[in-house]
Amino acid sequence: MTTKLVDLHIHSTCSDGYYSPEELVEMALKADLVAIAIADHDNVDGIAAAQEAGAKQGLEVLPGVELSTQWYEYYDMHLLGYGFDPQDPYLNRELGDFQEFRAGRNRQIIDRVNEKLAEEGRLPLDPDAVRQLAGGTIGRPHIAPALRSEGYVADNEEAFTRYLVPCNVPKRYFPVDEAIRLIQQSGGIAVLAHPPYITRERRLLEKLVAELVGLGLDGIEVYNNGSNMEDTDWLIKLARKHDLIVTGGSDFHGDPGSNIEIGSGFRGMKIPYRCVEEIRAALEKRRQSA
């Protein structure tokens, strides 16, 4: 019997992905997936379109989001939310404030890049052209191709090294306890994203997860691009130790030249459908306890 496969961590043009929600549904079907979650950064705008397209073509689409959080020394620690109500007014107000800050931040980055380009005697980037290139929300991954298309850099790595890192504007983060509460109050569950990207020190990760469990954490993204098979086994044991659910996703953005594939990341990982079943069981448990 063939195992049904899923990808619960995909980004669309509604944040910093390169494909629309509808295109991602098509790509997921071509990859023989049976379920996906659009988990855009601090944004739920792509969920409805993906769910509508999925319903027409027989692909299950879960509501998802990826929040940028901070907890003591851990900055830009990502938290995934699943199964919440995308129309929840409190959630949308909080995310709206976050998106407003992000839009201003990205415009400031472009302004700083243009100042640097002027110092070099080069013409500035056109913010409207960058926005059109992005096809949605502008992020640094969209400014890099604009620099490349103007011939100012050879590749994305040079764009970040020469311009985007020196011209960066600090991000804003949700305190992780507030992020967990935000997801759960809107009917969802909170999952720690790609743990190896937070720290590869297992002792520190164990301590962090224990603290987050105390704040209400529901799960761990066990299947992720930062984990090899040994890491995955260890993360599963860590999740079960704390009675947490197990999820997984490719963190697919569709960047040109990236070797991350939808449904399999860059290690060819396979994410089983039981991850969806665990999410649904956790959501039902929360509804019953409420």
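Me: Okay, two strands pair if DSSP finds at least two bridges between them. Over how many bridges do strands E6 and E7 pair here, and in which sense?

Reply: Quick caveat before that: this is a predicted model, where local features need pLDDT of at least 70 and side-chain atom pairs count only at pLDDT 80 or more, while totals for chains, interfaces and linings use all residues. Residues are numbered from 1 along each chain as its sequence is written, and side-chain values use heavy atoms, with hydrogens and water left out. The element labels are DSSP runs numbered from the N terminus: helices are H or I with at least four residues, strands are E with at least two. Now, E6 (residues 189-192) and E7 pair in the parallel sense over two bridges. Val 191 has Gly 219 in E7 as its bridge partner.

Me: Which helix does the chain pass through from E6 to E7, and what is the handedness of that crossover?

Reply: A crossover is right-handed if, with the strands pointing away from you, the path from the first strand over the helix to the second runs clockwise. From E6 the chain goes through helix H8 (residues 202-214) to E7, and this β-α-β crossover is right-handed.

Me: And what joins E7 to E8?

Reply: Four bridges join E7 to strand E8 (residues 245-248), and the two run parallel. Ile 220 stands opposite Val 246 in E8. The chain gets from E7 to E8 through helix H9 (residues 229-241), in a right-handed β-α-β crossover.

Me: Are the residues of E7 buried or exposed?

Reply: Buried means under 20% relative accessible area, exposed means over 50%, and partly exposed is in between (1.4 Å probe, protein chains only). Five of the five residues of E7 (residues 219-223) are buried, so the strand is largely enclosed by the rest of the structure.

Me: Switching to charges: how many salt bridges does the whole structure have?

Reply: You look for a side-chain nitrogen of Lys or Arg within 4 Å of a carboxyl oxygen of Asp or Glu. The search finds 17 salt bridges. One of them joins Glu 60 and Arg 280, with the closest N and O atoms 2.3 Å apart. Glu 60 sits in strand E3 (residues 60-71) and Arg 280 in helix H10 (residues 274-289), so the pair ties together parts 220 residues apart in sequence. Arg 280 is partly exposed, at 42% relative accessible area.

Me: Which residues are linked in a network?

Reply: Glu 120, Arg 122, Glu 158 and Arg 162 are linked by salt bridges. Glu 120 and Arg 162 meet at 3.7 Å, N to O.
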